[in-house]
Amino acid sequence: MRRDEIEGEINARKNILDNTDYQILRAIEDIFAADGITELLSALANAGREITQTIRLRKECRARINELEAMTPEDEQEEPPSEEEPAVEAEGDAE
């Protein structure tokens, strides 16, 4: 991958994280705003149903971001050379 492709994927993953923050925050607010054990258990159960997939997606995004950020320039794949490269001249032909 080229550096611009890596940065593009990192930004896309970060956008997913930004766009799912509200789901996590809403679930946390419901849990901490619970009055009593019954409401707390209900909030926990609702959070589990509502955000399980979101949490999995966010974990995958973070793992991929970490992989991409750890890439070094040596990890980047160079573009293959074009097939129309000029022929190399023999040493005796240069004069």
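Me: Within what distance must heavy atoms lie to count as a contact?
Reply: This is a predicted model, and its packing is described through contacts. One case is helix 2, whose buried residues pack against helix 1. For a contact, the heavy atoms must lie within 4.5 Å.

Me: How many helices and strands are there in the protein chain?
Reply: Helix 1 covers residues 3–32, and helix 2 covers residues 37–70. The count for the protein chain is zero strands and two helices.

Me: How are helix 1 and helix 2 oriented to each other, roughly parallel or roughly antiparallel?
Reply: Their axes lie 9 Å apart, and the packing angle is about 160°. Angles over 145 degrees count as roughly antiparallel. Helix 1 and helix 2 are therefore roughly antiparallel.

Me: Which handedness does the crossing of helix 1 and helix 2 have?
Reply: The two helices pack with their axes 9 Å apart. Where helix 1 passes helix 2, the crossing is left-handed.

Me: On which residue is the kink in helix 2 centred?
Reply: Helix 2 has a kink of about 55°. Its buried residues include Ala-47, Ile-51 and Thr-54. Among these, the kink is centred on Ile-51.

Me: Which helix do the buried residues of helix 2 pack against?
Reply: The buried residues of helix 2 are Ala-43, Ala-47, Ile-51, Thr-54, Arg-58, Cys-61, Ile-65 and Leu-68. An α-helix has 3.6 residues a turn, so residues three or four places apart point the same way. The buried residues of helix 2 pack against helix 1.

Me: Why does Thr-54 count as buried, and what is its relative accessible area?
Reply: Thr-54 is found in helix 2. Leaving aside residues up to four places away in sequence, Thr-54 touches Thr-20, Gln-23 and Ile-24. Buried means under 20% relative accessible area. Thr-54 is buried because its relative accessible area is 11%.

Me: Which elements give two or more residues to the largest nonpolar core?
Reply: The largest nonpolar core has six residues, namely Ile-6, Ile-10, Leu-17, Cys-61, Ile-65 and Leu-68. Two or more residues of this core come from each of helix 1 and helix 2.

Me: Which residues does Ile-65 touch, not counting residues up to four places away in sequence?
Reply: Ile-65 belongs to the largest nonpolar core and is one of the buried residues of helix 2. With that sequence limit, Ile-65 touches Ile-10, Arg-13, Lys-14 and Leu-17.

Me: Is Glu-9 buried or exposed?
Reply: Glu-9 lies in helix 1. Not counting residues up to four places away in sequence, Glu-9 touches Met-1, Arg-64 and Leu-68. The cut-off for buried is under 20% relative accessible area. At 19% relative accessibility, Glu-9 is therefore buried.

Me: How far apart in space are Met-1 and Met-71, C-alpha to C-alpha?
Reply: Met-1 sits in the segment before helix 1. Met-1 counts as partly exposed, at 24% relative accessibility. Met-1 and Met-71 are 70 residues apart in sequence, yet their C-alpha to C-alpha distance is 9.5 Å.

Me: What is the relative accessible area of Ala-63?
Reply: Ala-63 is placed in helix 2. Its C-alpha atom is separated by 9.9 Å from that of Arg-13, 50 residues apart along the chain. Ala-63 is partly exposed, with a relative accessible area of 37%.

Me: What percentage of the residues of the protein chain count as buried?
Reply: Of the contacts with a separation of 6 or more, 82% are between residues 24 or more positions apart. The protein chain has 95 residues, and the part that counts as buried is 18%.

Key: Residues numbered from 1 in each chain as written. Predicted model: local features only at pLDDT ≥ 70, side-chain atom pairs only at ≥ 80, totals over all residues. Heavy atoms only, no water. Bend = angle between axes of the 7 residues up to and from the residue. Helix = DSSP H or I, 4+ residues; strand = E, 2+ residues; numbered from the N terminus. Buried < 20%, exposed > 50% of the residue type's maximum accessible area, 1.4 Å probe, protein only. Core = buried A, V, L, I, M, F, W, Y, C linked by side-chain atoms within 4.5 Å. Axes fitted to C-alpha atoms, helices over the stretch in contact; angles between N-to-C directions. Parallel < 35°, antiparallel > 145°, perpendicular 65-115°, else oblique. Left-handed = near helix turned anticlockwise from the far one by under 90°.
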